[in-house]
Amino acid sequence: MTAVWQVALITFKEGIKNRVIFGIFIIALLLFAATTVVITLFMRDIVKVAVDLSLSTVSFAGLLTLLFIGVNLFGKDLDKRTIYMVISRPVSRSQYLIGKFSGIVLLTFVVVAFLGILSAAPVILSKRFYYYPEARFDWWIFFIAIVYIFIKLVIVSSVITLFASFTSNSFIALVLSLVVYFIAQSTESVRFLIASQVERIEVSPILSYMVDIAYYVFPNMSAFDLKMQAAHGLKIGPDYFIWTILYAIFYIIATLAIGTLAFRRREFP
Amino acid sequence: MAIITFHGVTKVYKTGFRKKKVALKDFSLDIHEGEVFGFLGPNGAGKSTAIKILLNLIFPTAGKAEIMGRSVENKEVRRMVGYLPENPYFYDYLNPVELLIFAGKTSGMDSFKIKEKTEMLLNTVSLWNERKRPIRSYSKGMVQRVGLALALIHDPKVVILDEPMTGLDPIGRRQVIDLILKLKSEGRTIFFSSHILEDIERVCDRIGILVNGNLVRVIDIKSEQFTTSLENIFIEEVEKAGEVQQ
């Protein structure tokens, strides 16, 4: 455990000291500020808009952190051979990979926690100045939605770790991770659209089958998007908690297991 | 007693579709306890490949390598090994103290010992006053010296240095030579590669000349009588192997 924790710690320190993170924080702060301005343009549902935009900002900033710092933390190690410093110690390749993943998760946690607290500001402002008695809002659901953004980002971290374990450079890992993220965001909607046939679109069985495969292979990110529930103050049942968290744990473990297997025989010439 | 052993190690790299490059050919060598062994060879001779196999960074295609009688694939072996890579690159935003804490902790040292050794080593490599600066602000020579401190933090019995003089000014080179001589006096086994023949001649007990992945000659500096300089011997061996066209 010492080796994993030490790798996680230097990964976290290297990530948190990276100047890019300040840029991401500034973007997030500007978006929060913009939210407080934008909500004044709405006549109704101001709290809902504030909640939606605030949570989107946290999610977007977390994703930027992963794509620009997380991928780079792996990339530099492999491209510039910083990994020699780690692997030449009593640290196995599996410990390195898990440690690196844990460090990125720690970094994501700090970013989401910090921005999650700040994201409450536009919501508080909207409630204080533009409150409508019929608006349903629950801070607890808002908090759960932030936790779910974090879980979604941990899944993205595991996907980045998987790609970093076998790709030859960080750019490929970045592109593949982005592709997976966008597919994962939309598979549920596409599958629903095909199944419901609301638009009466003719879909070939092969396409339908491929969408089904994509739905099971790629992580279902929309399951972790609770913006709507938070904006409307909708209650989330215990079944939903249990199944989504079990799903996330299973997906993360499976992704890391495949990554570890691929990385175990990787050479660093 | 052999501390480092290569048993018929062959390493073949895939360089493209159906293209292969043999970096080491049936390479066998024993390096004994307390010995300073210098590895000489032209660029691409296979020196770094042999060193990387010892650190388990790459795997041999055939044969095996051992340190203190244990396979290099066993990660616990590396608790006794200190390694300085060629042109080392470390985490940009960390400072040398943070790197040394990482190196010490992963090698099983306690915090007190790490603190003590960090101060001692950073003073030895003249970086104590610069210890709070991030590595990204360091010169190439300073990075090389951080690498040396990292290789020695855990008092390794075996020290493996890949081109340790690269990027160092004459004072830095002198510091490294003095450090190797100090490690030698402490009874540590040192295996290093260098292009600087003068340095190799000064500190080594034995020298191995590697050409095109073949160990063509091992010279015992103490017992062999030379009629010519090491430089001439080296060029002669390389020519013999067909590396240099006259």
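I take helices (H or I, at least four residues) and strands (E, at least two) as DSSP runs, numbered from the N terminus. I am working on a predicted model, in which local features need pLDDT of at least 70, side-chain atom pairs count only at pLDDT 80 or more, and totals for chains, interfaces and linings use all residues. Residues are numbered from 1 along each chain as its sequence is written, while chains are lettered from A and ligands numbered from 1 in the order in which they are written.

Entry 1, chain A overall. I looked up the secondary structure of chain A and found 11 helices and zero strands. The radius of gyration of chain A, taken over C-alpha atoms, is 20 Å, close to the 18 Å that the globule rule gives for 269 residues, so chain A is as compact as a globular protein of that length. That rule is 2.2 Å times the number of residues to the power 0.38. Along the principal axes, the C-alpha atoms of chain A fill a box of roughly 65 × 50 × 30 Å. I call a residue buried if 20 or more other C-beta atoms lie within 10 Å of its own, exposed if 12 or fewer, and partly exposed in between, with C-beta atoms placed from the backbone. On that count 42% of the 269 residues of chain A are buried. Contact requires C-beta atoms, placed from the backbone, within 7 Å. Among contacts in chain A between residues at least 6 apart in sequence, 86% join residues at least 24 apart.

I checked the span of helix 2 (residues 19–38): its 20 residues reach 29 Å from first C-alpha to last, close to the 28 Å expected at 1.5 Å a residue. The expected span is 1.5 Å times one less than the number of residues. The buried residues in helix 2 of chain A are A:I24, A:A28, A:L31, A:F32 and A:T35. They sit on the same side of helix 2 of chain A because they cover an arc of only 100° around the axis. The arc is that of the directions from the helix axis to the C-beta atoms. The face turned away from this buried side carries exposed residues, among them A:R19, A:F22 and A:V37. The cover over the buried residues of helix 2 includes helix 3 (46–79), helix 5 (93–118) and helix 6 (120–129) of chain A.

I found A:P122, A:V123 and A:S126 buried in helix 6 of chain A. Their arc around the axis is only 100°, which puts them on the same side of helix 6 of chain A. Exposed A:I124, A:R128 and A:F129 are on the face turned away from the buried side. Helix 2, helix 3 and helix 7 (139–166) of chain A are included in what covers the buried residues of helix 6.

I noted 22 residues from chain A and 24 residues from chain B in the contact. The largest share of the chain A side, six residues, comes from helix 1 of chain A.

I located A:L207 in helix 9 (residues 205–217) of chain A. A:L207 is exposed, with 12 other C-beta atoms within 10 Å. From A:L207 to A:I194 I noted 13 residues in sequence and 9.5 Å in space, C-alpha to C-alpha.

Technical notes
Contact = placed C-beta atoms within 7 Å.
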